[in-house]
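User: Can you walk me through this structure? I'd like the main points in plain words.

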Amino acid sequence: MLRVDDCVVLRRVSMGGGEENPEPPTEVGCRRTSNVLKNELLLHEAVIKNDPDAVKRVIKEPLDVNSRNNYGRAPIHWASSRGNTEIMEMLINAKCDIEAKDKYGMRPILMAAWHGHTDAVQMLINYGASVNTINKKQYTLLMCAARNNRLSVVNFLLDTIEDVGLDAFDTDHQTALHHAAIAGHTHVVRRLVHAGANTSTTNKQGRTPLHSACEKGHVDVVDFLLGHGADMLAKDEEQNSPLHVAVENKQTLVVQMLLEAGNPTNLENSKGLTALHIASSHGCRGIVEMLLSADCDIDRQSKNGNTPLHMACLSNNVVIAEILIAKGADLNALNTRLQSPIHIAAEQGYSEICKLLLSAGANIEQREQGGKTPLYIAARGSFTAIVDMIIKTARLEYTPKKRTRPKTPEERRKWKCNPDLDVSIALQETDENLEIILRKLSHKQLSPGEWKKLAHLWAFTDEQIKAIEHQYIGPSSYKQHGYRVLRIWVDSLGPDLDPIEELIDSLNTIEKNTLADAICKKLMRQKEKSEKKPDDKICVVS
């Protein structure tokens with residue numbers, strides 16, 4: 001059985017094109033109308049089922065051969081779309097309207113061309129159907145055939161019709177060649193071009209058929225168009241070349257083909273973006289590598305001053321940023337806001353990008369247009385991991401200050417050990433003890449403000465201290481601030497320095513002697529518990 005959408009008849013249209021307005025029905029008239037509607041429904045059903053015998057039977061009954069369903073389609077539409085010339089001839093002999101339009105403006109001949117039925121198209125033309133008809137989108141016969149890869153119909157139209165509208169355009173200003181190129185119908189494209197179709201026509205976006213083929217990644221179509229005069233330098237309304245479009249849509253094979261055909265790599269669009277900018281933004285590794293191999297300018301700046309490395313940082317594309325840096329991209333290039341790539345990464349909170357840039361040597365002292373450093377920007381965004389990372393980088397050359405006073409006899413007695421042993425022997429097996437000490441010190445033993453004394457002692461700058469202090473998690477924020485300072489400081493110590501000894505000295509320096517003694521005693525107790533053999537090394541007390 002038919003679907004309701006296919007078969008419900010909403011109205012009957014007279015040959016004159018107007019709807020019938022019958023007199024108020026009588027009882028007999030109602031029965032007659034009911035029979036007519038039934039016959040019309042059966043006609044639609046028979047045509048859709050491609051049943052010529054059923055059509056032949058029902059067409060003799062009282063009915064309107066031009067009755068429509070809710071799509072505005074008459075039986076001739078269905079017969080044309082199925083290419084059943086036998087049924088079409090019966091309907092035409094029954095005086096159907098071969099120029100009837102459905103709700104989309106599709107006439108029977110357009111339906112036949114759309115579905116690729118050359119015989120049906122020829123029959124309708126022989127019976128007088130207009131070859132210049134268009135639908136609501138202004139699709140011509142040639143467009144309907146070309147967009148659906150109906151090569152047989154295309155050949156028939158080009159060979160038979162004198163003015164087929166080869167370069168006619170629809171509501172989007174696209175020609176039949178555009179439609180075929182977008183869909184990737186290589187044989188249709190070839191036939192249209194050989195028939196004289198213009199490869200330089202542009203649609204509403206200013207794009208040529210080559211743009212369209214590059215956008216969709218139709219390699220064979222691109223290859224054919226490049227070999228038959230298509231302009232690879234043509235630009236759309238936004239000044240995008242086919243290469244820009246291919247990169248934007250990540251069409252790697254098309255990009256390779258364009259580059260091999262000699263496409264310039266540094267063409268700019270209206271925003272000053274090259275193909276490398278776009279590829280870097282989209283994370284297209286293969287395309288980026290191809291463009292760099294083709295000598296694309298790695299530091300070309302767009303109209304807002306961004307380089308491809310800026311674009312990679314904006315999109316958090318770590319792999320692309322790594323490739324660009326390895327190829328020598330300028331780490332400290334500035335855009336119109338005086339932002340370097342690390343400003344952008346810090347502003348967006350992209351920690352992996354920041355880590356990569358810092359390890360490559362990015363300038364962390366550069367100030368952007370508002371006078372802000374990457375450290376300030378990261379702190380303002382509460383990106384604590386990036387803040388700590390930048391401070392650690394700034395402290396790579398940190399050297400602890402020499403002691404300003406000699407140790408007292410008591411301090412010397414505590415630390416005097418044999419050459420192979422120090423008080424931190426318990427830490428040699430694992431860093432867990434150090435972590436416990438740092439956490440306990442910051443969260444339980446240091447009072448508010450004391451972490452700053454340590455920070456100043458350890459040569460943290462005021463900007464660094466403010467950046468750490470920017471993190472606020474409540475009244476106990478100072479505990480986390482202290483812990484972060486301790487961790488940053490420990491990481492900045494050289495391998496030849498003992499963090500425990502340095503920490504105890506620092507606590508004594510800020511007059512936290514009790515805490516220093518407590519840490520020392522705790523570690524000594526741990527050492528004593530770890531002693532298992534009589535000949536183990538012990539501290540010598542003088």
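Here is a short chat about this predicted model.

User: First up, what is the mean pLDDT of the chain?

Analyst: The mean pLDDT of the protein chain is 88. Of its residues, 86% reach 70 or more.

User: Where does pLDDT stay under 50?

Analyst: Residues 12-22 are one such stretch. The model has 18 contacts there beyond four places in sequence. Another stretch is residues 409-430, with 35 contacts of that kind.

User: New topic. Which residues does UniProt list for "repeat: ANK"?

Analyst: The unreviewed UniProt entry lists 71-103, 104-136, 172-204, 205-237, 238-270, 271-303, 304-336 and 337-369.

User: Take 205-237. How much of it is helix, and how far apart are the end C-alpha atoms?

Analyst: Residues 205-237 are 48% helix and 0% strand. The end C-alpha atoms are 6 Å apart.

User: And what about 238-270?

Analyst: That span is 48% helix and 0% strand, and its end C-alpha atoms lie 5 Å apart.

User: S241 falls in those numbers. Where does S241 lie?

Analyst: S241 lies in the loop between α13 (219-226) and α14 (242-248).

User: Is S241 buried or exposed?

Analyst: Buried, because its relative accessibility is 1%, and the cut-off for buried is under 20%.

User: What is S241 in contact with?

Analyst: Beyond its neighbours within four places in sequence, S241 contacts H211, M232, A234, K235 and L267. There is also a polar contact of 2.9 Å between the side chains of S241 and H244.

User: Which ones are buried?

Analyst: They are P75, I76, H77, W78, A79, S80 and S81. G83 follows α4 and has a positive phi, near 70°.

User: How many residues of α16 are buried?

Analyst: In helix α16 (residues 275-282), 6 of the 8 are buried, and the helix is mostly covered. The buried ones are A275, L276, H277, I278, A279 and S280.

User: What covers the buried residues of α16?

Analyst: The cover includes α14, α17 (285-293), α18 (308-314) and α19 (318-326). Just after α16 comes G283, with a positive phi of about 75°.

User: Switching to rings. How many aromatic pairs are there?

Analyst: The structure holds 2 aromatic pairs. One is W114 with Y139: their ring centres are 6.4 Å apart and their planes sit at 15°, so the pair is stacked. W114 is in helix α6 (residues 108-114), and Y139 is in the loop between α7 (118-126) and α8 (141-147), so the pair ties together parts that are 25 residues apart in sequence.

User: Are those two buried or exposed?

Analyst: W114 is partly exposed, at 24% relative accessibility. Y139 is buried, at 8%.

User: What about W458 and W489?

Analyst: Their ring centres are 4.0 Å apart and their planes are at 10°, so that pair is stacked. W458 lies in the loop between α26 (450-457) and α27 (462-469), and W489 lies in helix α28 (residues 477-492), so they tie together parts 31 residues apart in sequence. Both W458 and W489 are buried.

User: Last one. Which rings have a charged end over them?

Analyst: The ring of Y71 has the charged end of R73 over it, 5.4 Å from its centre. The ring of F460 has the charged end of R395 over it, 4.0 Å from its centre.

Key: Residues numbered from 1 in each chain as written. Predicted model: local features only at pLDDT ≥ 70, side-chain atom pairs only at ≥ 80, totals over all residues. Heavy atoms only, no water. UniProt positions renumbered as here; feature names shortened; annotations may be inferred. Helix = DSSP H or I, 4+ residues; strand = E, 2+ residues; numbered from the N terminus. Phe/Tyr/Trp six-rings, centres within 6.5 Å; stacked < 30°, edge-to-face > 60°. Buried < 20%, exposed > 50% of the residue type's maximum accessible area, 1.4 Å probe, protein only. Lys NZ or Arg CZ within 6 Å of the ring centre and 35° of its normal. pLDDT = per-residue confidence, 0-100. Contact = heavy atoms within 4.5 Å. Polar contact = N/O pair within 3.5 Å; in protein donor to acceptor, adjacent residues only side chain to side chain.
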